[in-house]
Amino acid sequence: MTRTTLDLTGLKCPLPALKTRKALKPLQPGDQLEVHCTDPLSVIDIPNLILETGDTVEITERNDARIVFLIEKANDSIERANGALRP
């Protein structure tokens with residue numbers, strides 16, 4: 001299991017969610033992605049993204065300066081399952 005940190009401070013919607021999705025793709029099941037954001041909309045966008053991917057997310061820090069998410073790659077994410085179904 002590895003942990004990768006993604007610094008998205010200063011980026012505005014939709015970039016934090018898009019960059020988080022891109023960073024999740026190469027991760028192996030059990031790997032963790034720690035995402036640092038300053039965009040207040042990321043508390044909506046990133047959890048919704050994780051609902052789509054089937055991974056798990058936890059907000060580990062939230063204050064006036066930043067929001068930190070800890071995302072764990074699932075054993076069989078929905079994206080991979082959907083990709084396997086496509087011809």
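Buried, throughout these legends, means under 20% relative accessible area, exposed means over 50%, and partly exposed lies in between (1.4 Å probe, protein chains only). The model is predicted, with local features needing pLDDT of at least 70 and side-chain atom pairs counting only at pLDDT 80 or more, while totals for chains, interfaces and linings use all residues. Residues are numbered from 1 along each chain as its sequence is written, and side-chain values use heavy atoms, with hydrogens and water left out.

**View A. Gln32 in strand 2.** Gln32 belongs to strand 2 (residues 32-37); strands (E, at least two residues) and helices (H or I, at least four) are DSSP runs, numbered from the N terminus. Gln32 counts as buried because its relative accessibility is 12%. When neighbours within four places in sequence are left aside, Gln32 is in contact (heavy atoms within 4.5 Å) with Met1, Thr2, Arg3, Thr4, Leu70, Ile71 and Glu72.

View B. Four strands form an open sheet in the order 1-2-4-3, with mixed pairing, where two strands pair if DSSP finds at least two bridges between them. Strand 1 (3-8) and strand 3 are the edge strands, each pairing on one side only. Neighbouring strands of this sheet are turned by 20° against each other on average, direction ignored; axes are lines fitted to C-alpha atoms, for helices over the stretch in contact, and angles run from 0 to 180 degrees between N-to-C directions.

**View C. Strand 4 and its two partners.** Strand 4 (residues 67-72) has five of its six residues buried, so it is largely enclosed by the rest of the structure. Strand 2 runs antiparallel to strand 4 and is joined to it by six bridges, and strand 3 (residues 56-62) also pairs with strand 4 in the antiparallel sense, over six bridges. Val68 in strand 4 is the bridge partner of His36, and Val68 is likewise the bridge partner of Glu61.

View D. Helix 1 (residues 15-24) lies across strand 1, strand 2 and strand 4, and runs at about 160° to strand 1. Helix 2 (residues 42-53) lies across strand 2, strand 3 and strand 4, running at about 5° to strand 4.

View E. A nonpolar core is a set of buried Ala, Val, Leu, Ile, Met, Phe, Trp, Tyr and Cys residues joined through side-chain atoms within 4.5 Å. The largest one has 14 residues, and those with the most contacts inside it are Leu33, Val35, Ile46, Phe69 and Ile71. Strand 1, strand 2, helix 2 and strand 4 are the elements that each give two or more residues to this core, and helix 2 supplies the largest share, four residues. Beyond its neighbours within four places in sequence, Ile71 has contacts that include Thr20, Leu24, Gln32, Ile50 and Val57.

View F. Gly10 is found in the loop between strand 1 and helix 1, and it counts as exposed because its relative accessibility is 57%. Between Gly10 and His36 the C-alpha to C-alpha distance is 9.7 Å, although they are 26 residues apart in sequence. Cys37 stands opposite Ile67 in strand 4 and is buried, with a relative accessible area of 0%, whereas Cys13 is partly exposed at 38% relative accessibility. A disulfide is taken as a pair of cysteine sulfur atoms within 2.5 Å, and by this rule the count is zero.
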